[in-house]
Each structure stands twice: as structure tokens, then as C-alpha cells.
Amino acid sequence: MSAMKLTASVIAIAAVSATAAMARDNLQVAGSSTVLPYATIVAEAFGENFDFPTPVVEGGGSGAGRKKLCEGVGENTIDIANSSSRIKQSDIDLCKTNGVEEIMEVRFGYDGIVFASDIAGPDFALTPADVFGALGATVAKDGALVANAAKTWADVNATLPAQDILAFIPGTKHGTREVFDVKLLEEGCKATGAYDLFLAASTGADDDAKKEEAVDNCLKVRTDGASVDIDGDYTETLSRIAANKNAVGVFGLSFYQNNTDKLKVATIDGIVPTTETIAAGDYPVSRPLFFYVKKAHIGVIPGLKEYIEFFVSDDMAGPDGPLAAYGLVSDPELAATQAAVAAETPMAPLK
């Protein structure tokens with residue numbers, strides 16, 4: 001990053017010196033393993049080009065990061081939570097309980113979720129129905145709900161490889177898992193007819209409760225070893241595939257793009273995941289990426305405002321910046337995000 005050339009606008013931002021009282025030496029950032037490499041790139045460039053120390057950026061998962069953000073206000077709490085899924089009302093409620101009244105929501109780009117397997121393995125052309133049929137705990141068969149007994153991918157769809165089903169998927173604390181659940185398991189459940197059967201069998205008190213129960217059943221995955229939760233980051237999933245050549249894993253697009261010498265990506269609904277297919281809205285399993293800022297720390301923790309402005313600058317998050325080079329799909333509404341950050345606009349209530 002030391003060779004990075006900054007435009008005059010960013011150099012002007014970098015010229016701002018730390019005037020606030022030194023609450024602590026570094027900005028503290030935690031959360032999503034998907035956002036982690038992007039935030040690390042920004043943090044390193046920030047440390048090299050600004051009169052502030054390099055921020056400390058840690059992973060741990062989107063949910064864990066948001067929980068840390070909401071622990072309270074003060075130098076012993078983090079300033080920013082990275083997240084590959086949108087904040088939940090339960091997070092906002094926890095924040096308010098602990099005195100965190102205003103949060104800034106910053107959407108800085110998009111990423112895709114991909115299935116990938118060993119580079120030397122067979123090709124996979126998947127649909128959400130295939131994913132649910134392979135990994136769902138209970139599936140539809142001949143108009144009835146049955147425990148999933150599929151052994152190979154070919155048992156689910158004859159056009160898929162006759163390879164034992166072994167999938168490494170993100171654990172429930174990861175933002176990637178939330179998108180995987182909604183856009184693959186839930187959609188696949190509906191496509192196979194299992195959702196309608198779950199809905200018919202639901203014992204909920206009203207229609208909304210019945211639908212919620214049906215979705216919950218759609219999201220239950222097998223516990224017989226075919227589906228394995230990974231609580232670590234994508235490097236752990238990659239190492240699992242290296243040790244289990246017949247396995248498939250779930251990754252962020254950018255991680256896959258930086259490991260194409262080891263991994264082969266699957267298509268979803270016939271679409272190859274690329275930055276172009278995500279930007280065009282063609283690839284069905286994509287999601288926005290966020291970070292959440294504790295507004296009470298702006299003006300108190302030195303460098304916080306400068307860091308978030310730098311993060312969303314054209315030089316970093318724009319289509320020709322280093323984040324795009326790593327795999328980020330630049331947000332077409334980045335200018336609006338930049339304006340909101342400059343104005344320190346807190347997020348509106350969730351709809």
C-alpha cells in the first residue's frame with residue numbers, strides 16, 4: 001500500500017491533524033470476516049498516509065462485532081463494527097440499553113456468496129433447490145416431508161457429480177450465514193415445495209406465526225455430517241477443503257477471487273459469480289457490505305471521522321480503488337454515502 005497514489009482530495013483529508021484529546025492510541029474495529037480484508041487494506045493505507053496510528057482491525061463475525069459495538073460508550077469499547085449483513089433491531093435495542101444512542105450505517109459496496117470446491121474437482125452447476133435438497137434437514141419427497149437421506153449430489157440432481165455431500169458453511173454468528181440462509185436455503189425450500197408443506201403443518205397461532213415457523217424449518221440443516229458449520233474465517237474453510245478434496249465450501253466472492261489457484265467456483269442458476277454479474281444484478285446470491293460507527297466516539301476518538309471518510313472515498317471504495325482490485329463491487333450510490341458520512345448522519349429506524 002506504500003506505493004498507493006492518493007488524489008489531492010484525500011491528501012487534503014490526510015493533512016488534518018489529531019486535535020482531540022488522546023483517548024487511546026488506535027481506532028478499534030471488529031466484526032465480519034468478509035469485511036476484514038477490506039478494512040485491513042483501508043487501515044494500512046490510513047496509517048501510512050495520515051497523522052494517526054494504524055487502526056486495530058479484528059474479525060470474529062458480523063454478529064459478534066455488532067454486539068461489541070453495543071457494549072457501551074467509552075474508550076474501552078470499539079468504535080466500528082464491520083458487517084456483511086444489515087444490523088438487526090435486537091442489536092439496536094442492545095445498543096440503546098447500554099447507552100449507545102446513535103449509530104451511523106455505512107454501506108460501502110457489494111459482495112457475492114459463492115460455492116467453491118477443489119480446483120481439480122468436478123464442475124458444479126447449482127440452484128437454490130439443489131443446495132436445500134443437499135443440506136436441508138427435512139426435504140420434500142413425493143408430496144411429503146421426510147428426513148434428508150441424500151448421500152451424493154447426484155441423489156439430489158442427476159446432472160450433478162456423484163460425489164458425497166460434504167459442505168462447509170459459515171456458522172450462525174457470521175453475516176454470510178444470514179444471506180446463505182435467505183437466498184439459498186429459504187429460496188430452495190420454496191422452490192422444492194417443502195415450504196408449502198412446512199406451512200401446512202405449522203401450529204402457529206396466526207398466519208404470520210405459521211410463516212415464521214415454516215421459514216425456521218427451511219433453515220434447519222442436516223446434523224449427520226453432510227453440512228458442517230465453520231465458526232472461523234474463510235481461511236479455515238479453505239484448509240478444510242484442502243484436507244477433504246470432495247468437499248464444497250461457502251466463501252465471499254473476493255476471497256475466492258484471491259484463491260483461484262486452489263478453488264473452482266460453482267454457478268448458481270447458470271450464472272458465474274463475478275464482479276460484473278453482481279454489479280449487473282444477474283448473480284442471485286449477492287449482498288451489501290456495511291460498517292457501523294458509534295457516533296458518540298466521533299470527535300472523541302482521534303482519527304475516527306477521518307478514517308470513515310477515507311474508507312468511502314473514491315480513492316479507496318471507488319471502482320478504480322484498491323478495494324475493487326481486491327474484489328469489492330463498488331456501490332453505484334457511493335456519493336450519497338460519502339455525503340452522509342461527511343454530515344455524520346445517524347441511521348434511520350429499521351423498516
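User: At roughly what angle do the axes of helix α7 and helix α8 cross?

Analyst: The model is a predicted one, and in it helix α7 covers residues 175–192 while helix α8 covers residues 194–201. Their axes come within 4 Å, and the angle at which they cross is roughly 85°.

User: Are α7 and α8 roughly parallel or roughly perpendicular to each other?

Analyst: The axes cross at roughly 85°, and angles of 65 to 115 degrees count as roughly perpendicular. The two helices α7 and α8 are therefore roughly perpendicular.

User: Which residues of α8 make the contact with α7?

Analyst: From α7, the contact draws on Cys189, Lys190 and Thr192. Taken over both helices, the contact residues divide into 4 nonpolar, 1 polar and 1 charged. On the α8 side, the residues are Ala194, Tyr195 and Phe198.

User: Is Asp142 buried or exposed?

Analyst: Asp142 sits in the loop between β6 (138–141) and β7 (144–147), and its phi is near 50°, a positive value in a residue other than glycine. Its relative accessibility is 77%, and the cut-off for this class is over 50%. Asp142 therefore counts as exposed.

User: What is the relative accessibility of Glu344?

Analyst: Glu344 lies in the segment after α16 (334–342), and its phi, near 55°, is a positive value in a residue other than glycine. Glu344 counts as partly exposed because its relative accessibility is 23%.

Terms used. Residues are numbered from 1 along each chain as its sequence is written. This is a predicted model: local features need pLDDT of at least 70, side-chain atom pairs count only at pLDDT 80 or more; totals for chains, interfaces and linings use all residues. Side-chain values use heavy atoms; hydrogens and water are left out. Buried means under 20% relative accessible area, exposed over 50%, partly exposed in between (1.4 Å probe, protein chains only). Axes are lines fitted to C-alpha atoms, for helices over the stretch in contact, and angles run from 0 to 180 degrees between N-to-C directions. Angles under 35 degrees count as roughly parallel, over 145 as roughly antiparallel, 65 to 115 as roughly perpendicular and the rest as oblique. Contact means heavy atoms within 4.5 Å. Ala, Val, Leu, Ile, Met, Phe, Trp, Tyr, Cys and Pro count as nonpolar, Asp, Glu, Lys and Arg as charged, and the others, Gly among them, as polar.
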